[in-house]
Amino acid sequence: VLSHNLCTVLNVPHDPVALEEHFRDDDEGPVSNQGYMPYLNKFILEKVQGNFDKVEFNRMCWTLCAKKNLSKSPLLISDEDAFKVWVIFNFLSEDKYPLIIVPEEIEYLLKKLTEAMGAGWQQEQFDHYKIALNTSREGLSAWELIDLIGSGQFSKGMDRQTVSMAINEVFNELILDVLKQGYMLKKGHKRKNWTERWFVLKPNIISYYVSEDLKDKKGDIILDGNCCVEALPDKDGKKCLFLIKCLDKSFEISASDKKKKQEWIQAIQSTVNLLRVGSPPPHKEARQKRKELRRKLLAEQEELERQMKELQTANENKQKELENVRKQLEAAAARAAEEEKKRLQTQVELQDRFSLELEREKMVRQKMEEQVAQKSSELEQYLQRVRELEEMYKQLQEALEDEKQARQDEETVRKLQARLLEEESAKRAELEKWHLQQQQAIQMTEAEKQELENQRVIKERALQVAMQQLEQLELERKEALEQYEEVKKKLETAANNTKSWKDKVAHHEGLIRLIEPGCKNPHLITNWGPAAFTEAELQQRQKSWKGKKATSE
């Protein structure tokens with residue numbers, strides 16, 4: 001009976017012989033263990049051509065399952081509305097068994113119903129419901145969806161008729177592919193009279209009926225990519241006119257108002273555009289996009305979970321490695337502590353042994369030192385006289401050499417000091433000359449002032465260089481004076497040494513007369529010590545400075 005009814009609804013020829021052959025009786029009972037699904041796929045579904053009434057097919061399936069699964073509790077919707085919700089569920093459910101509708105599609109359906117009822121969408125209420133749903137399961141079954149809509153949880157304040165009309169509108173759009181419907185006036189082709197018809201727009205056809213119960217169909221307008229729709233001006237007492245042009249016919253239609261006219265023109269033009277590009281109806285395309293988006297999000301979530309598992313596995317491996325390293329470090333630390341303990345024990349034993357040997361060596365060395373000290377004292381008394389004589393002779397020679405070298409150094413320093421004084425006087429004369437030239441340059445005319453100013457800058461720079469040289473000479477003179485002081489000290493030290501050793505030699509060896517330097521003219525004493533020139537030389541230089549100063553003034 002089931003197979004015969006399916007073949008009748010799907011317009012497939014029924015083959016009783018194939019049915020009996022497939023379900024041949026055997027010892028296990030009247031039904032073959034091959035199952036019904038292989039027969040359904042091979043002998044019925046593979047022969048379907050698509051020229052069947054899908055609503056009647058759905059109604060047959062509903063008849064088979066509704067009585068067993070539909071809730072017994074009273075609902076706010078009729079059985080016919082529950083059937084339409086069940087068909088909508090089959091359209092929006094996921095492509096896997098058991099069929100469920102995910103929260104995203106539930107939200108889409110409830111929004112469509114709320115919009116059809118003219119009510120406001122309660123997003124916060126649905127978010128709470130979605131959170132409670134996600135904690136327990138992935139989605140709802142068809143019967144749970146019927147209970148949800150029939151309970152009126154998201155249609156509070158609406159009567160049964162409003163909810164029924166909303167379900168019927170969504171059913172027409174999603175299942176029957178009704179893009180738009182409504183009453184309009186159509187102009188006849190023969191009698192040219194205007195008649196009110198109920199128009200139904202689908203993806204490739206516009207059907208018009210006597211009334212909205214769709215029982216008396218009067219004709220169809222076949223749509224394709226070559227059709228077009230355009231507005232017409234008012235004429236013959238009719239307003240809100242527009243024209244649908246097809247290849248073989250044109251249809252003049254009058255809408256009830258301008259808004260309806262514009263809505264129908266836009267809806268028909270959008271349908272024609274979809275036919276030109278070969279796109280499916282908007283609700284089917286949107287459903288496919290939502291499924292692709294969910295599939296993409298699911299793939300990303302699975303990839304994220306896989307990466308998280310990999311990271312967790314890697315983290316666990318790292319933790320194990322760290323634990324192994326910690327154990328190895330603890331074992332190494334224990335071995336190191338044991339070795340350190342042994343090393344310290346060995347070190348203490350070696351220190352004790354070395355201390356005993358050191359005490360023994362100290363005693364032996366002390367005895368040897370006493371013997372050596374006794375022998376050394378005797379030898380020292382014998383050699384003391386010889387060393388005194390030799391040392392006395394060497395010191396006398398060194399004193400003579402120091403005195404000679406000190407006199408040579410004094411002469412060198414005296415010459416260096418005289419040269420520095422001459423250079424200092426020359427620099428002073430040059431500085432006074434530059435100073436006079438600057439005073440004369442200041443008295444020149446204003447026209448030559450700029451050029452002289454440049455020369456003055458150059459001369460000032462030269463003056464600065466000369467001053468630096470003068471300071472350098474002053475430093476050199478001070479260094480020479482310091483050298484002279486050192487030489488003088490050496491000379492005094494040598495003279496003292498010579499005098500003391502002369503007395504010693506006279507005492508030990510007899511009469512010895514040392515050669516001494518002859519007397520010189522008395523030296524001048526300056527702020528820096530003995531001068532490097534005589535009184536006569538100083539007077540001569542003072543006369544020279546006074547003469548140069550008078551010439552410059």
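The structure is a predicted model, in which local features need pLDDT of at least 70 and side-chain atom pairs count only at pLDDT 80 or more, whereas totals for chains, interfaces and linings use all residues. Residues are numbered from 1 along each chain as its sequence is written, and side-chain values use heavy atoms, with hydrogens and water left out.

A cavity is defined on a 1 Å grid over the protein atoms alone as a set of points where a 1.4 Å probe fits but cannot get out; a pocket is an open set with protein on both sides within 12 Å along at least five of seven lines, and lining residues have an atom within 4 Å of a point. Grid points are joined across faces, edges and corners, and a volume is the space filled by probe spheres set on the points. The structure holds 1 cavity of 30 Å³ or more. The volume of the largest cavity is about 90 Å³. At least two lining residues each come from α6, α8 (142–150) and α9 (160–174), with helices (H or I, at least four residues) and strands (E, at least two) taken as DSSP runs numbered from the N terminus. The greatest contribution to this lining is that of α6, with 4 residues. By class, 9 residues of the lining of the largest cavity are nonpolar and 4 are polar, and none is charged. In this classification Ala, Val, Leu, Ile, Met, Phe, Trp, Tyr, Cys and Pro are nonpolar, Asp, Glu, Lys and Arg are charged, and the others, Gly among them, are polar.

The second largest pocket holds about 600 Å³ of space. Its lining comprises 17 residues, of which Glu-94, Val-102, Glu-104, Arg-294 and Leu-298 are the closest to the centre. Two or more lining residues are given by each of α6 (103–117), α7 (123–136) and α11 (282–442). The most come from α11, with 6 residues. The lining of the second largest pocket has 10 charged, 5 nonpolar and 2 polar residues.

The domain assignment, from an automatic or database source, gives domain 1 (53–176), domain 2 (180–280) and domain 3 (392–429). The centres of domain 1 and domain 3, taken over C-alpha atoms, are separated by 126 Å. An unreviewed UniProt entry lists residues 177–273 as "domain: PH"; UniProt positions are given in the numbering used here, feature names are shortened, and annotations may be inferred rather than shown by experiment. The span of residues 177–273 is 16% helix and 44% strand, and its end C-alpha atoms lie 16 Å apart.

An open sheet is formed by 7 strands in the order β4-β3-β2-β1-β7-β6-β5, with antiparallel pairing; two strands pair if DSSP finds at least two bridges between them. Its edge strands, β4 (217–222) and β5 (228–232), each pair on one side only. From one strand to the next the twist averages 35°, where axes are lines fitted to C-alpha atoms, for helices over the stretch in contact, and angles run from 0 to 180 degrees between N-to-C directions.

Strands β1 (residues 180–187) and β2 (residues 194–202) run antiparallel and are joined by 8 bridges. Opposite Leu-201 in β2 stands Lys-180, and opposite Thr-195 in β2 stands Lys-186. The hairpin of β1 and β2 has 6 residues between the strands, and within this hairpin Lys-192 takes a positive phi near 60°. A hairpin with 2 residues between the strands is formed by β2 and β3. The antiparallel pairing of β2 with β3 (residues 205–209) extends over 5 bridges, and Phe-199 has Tyr-208 in β3 as its bridge partner.

Strand β1 is also joined to β7 (residues 250–254), in the antiparallel sense, by 2 bridges. Here Lys-186 stands opposite Ile-253 in β7. Antiparallel pairing of β6 (residues 241–245) with β7 involves 5 bridges, and Leu-243 stands opposite Glu-252 in β7.
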